[in-house]
Amino acid sequence: MSKQATLEEKLFTLGFRPDEESHLHIKDPELCTQCQGHPCTTLCPVEAYKLEGDDITVSFEGCLECGSCRIGCPHDNIEWRYPRGGFGVTYKQG
Amino acid sequence: MEKFDAVVVGAGPAGISASYLLAQAGLKVILIERGDFPGAKNVMGGVLYRHPTEQIFPGFWKTAPLERHVIEQRVWLLAEDSVVTLGHRNRAFAEPPYNCFTVLRAKFDKWLAQQAREAGVLVVPETVVEDVIREDGRIVGVRTGRDKGEVYADVVVAADGVNSLLAQKAGLHPEWKPDQVAVTVKEVLALPKAVIQDRFNVAEGEGVTIEMFGASTAGMVGTAFLYTNSESLSIGVGVLLSDLIERGKNCNDLLEQLKAHPVIAPLVEGAELREYLAHLIPEGGYYAIPRLYTDGMVVVGDAAMLVNGLHREGSNLAMLSGKYAAEAILRAKEWNDFSAASLSRYEQLLRESHVMRDLYKYRRATRFFERHHDFLGLYPALANDAAEAMMTVDSTSKRQKQWQIFGLARQRKPLWRMAKDFWGAWRAMW
């Protein structure tokens, strides 16, 4: 690769059909303010979790549905569902 | 209300295999998949083994969409700017019916599901299964996200992958722990056929796999890989989630670093990004395998943690688990008994097979490497330092170089502790 692809360019390779409602929810936002290190903001392969001020924001639209955040959250504070049938990411290569 | 003999949840290798065999035996089977089509959500590095696949789909390799048959497998120990390589190339692997293939799962799984369809399986995509339905304590079907979406069956096969919310809902296991899964990202990079064949020294249809340890995961427990497809490369990095969290690292960054590594960069030079993917690999091993059956339900494939990480085997174990589940279900059907006791036959078949024997053999491996990070940091680095010292010709004598290497190693870690590490690794894997 001659140059590094940005995450945006990577997500652009994928087919997404985002649902209207997020399939990722922070159960108790208060808990996040006490979290050390906010692992969700570093472990996610598409950086869906961002720390803004004291709050964690979630952009579920680019989610690849891997499940890392649900298992990785040290406070079990992420409610993770599958997007509804037919929604979410579609791989063409796999 | 329509009732099925079996409802299979998840159209991956395990679910498709189970549903295919059940339908072939005359059972009425529905296969529910949440993606747009079977394969739409499915990811692996990309090696598919011929022998186990043929247990279910004889002769599949003549017609299935495969990328390349693998004739050479390389293992690389990476340091920052260098590599120590090992590998095996064999003419036997270039002869039909071949040993293994690289595949792209969105294409392969779609084909596999088509075989199931032709065997009589009702394949229903774009449908999420949300929960199991229980009656009198036993599982009698599943509830989907569709209107009036209850589906009843004698038995439910949970083949819903590593994020098996269904097995959790059925109470078969709690959530996986961060040290039981590896976060893996991958890119599919397009390159012309001729360029791939040139760079990897193979002929048309032939492929190479490279597994990388060491600097590719910055010393964390995990691996990187580079596989040749027909007109693309699959390159990826997987790291144990607990290690990623502890080190505050991101797999996508590691993948970018890998592509820029002086050994890798020439191999991917000029390639065009075709797709970016992420997936969890179950790495908990034998001791993390959940309960595999209950009244009216069995769990197969990734959902059952059936992955041999050290040998990068998963899809083969998934398919075989689907096969054994189907065999147990067929006997249960004969007896008209879908209780846990009857379905326990599934686990018995798995245990008698190499699936469980292999997982048992490596039962201590993941935990061992988690506690001995030097195997992914210090030791690959030392191997590279030693190779560099021995291969650099200067005015130092070879014996002197040997002592220098020895001294260098000893500075990093006492020799008795290294000996203990390797003895431990031997024990964990033998």
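Chain B is divided into domain 1 (3-42 + 105-173 + 286-352), domain 2 (179-282) and domain 3 (370-429), with bounds from an automatic or database domain assignment. Before I go on: this is a predicted model, where local features need pLDDT of at least 70, side-chain atom pairs count only at pLDDT 80 or more, and totals for chains, interfaces and linings use all residues. Residues are numbered from 1 along each chain as its sequence is written, while chains are lettered from A and ligands numbered from 1 in the order in which they are written.

Back to the domains. The centres of domain 2 and domain 3 of chain B, taken over C-alpha atoms, are 26 Å apart. Between these two, 9 residues of domain 2 of chain B are in contact with 6 residues of domain 3 of chain B; contact means C-beta atoms, placed from the backbone, within 7 Å. On the domain 2 side we have 5 nonpolar, 3 polar and 1 charged. Nonpolar here is Ala, Val, Leu, Ile, Met, Phe, Trp, Tyr, Cys and Pro, charged is Asp, Glu, Lys and Arg, and the others, Gly among them, are polar.

Now chain B as a whole. It has 15 helices and 17 strands, that is, DSSP runs numbered from the N terminus: H or I of at least four residues for helices, E of at least two for strands. Of the contacts in chain B with a separation of 6 or more, 72% join residues 24 or more positions apart.

Last, the partner chain. In chain A, 32 residues are in contact with 46 residues of chain B. α1 (7-11), α3 (40-43) and α4 (68-72) of chain A each supply at least two residues of that side. α1(A) gives the most, with 4 residues.
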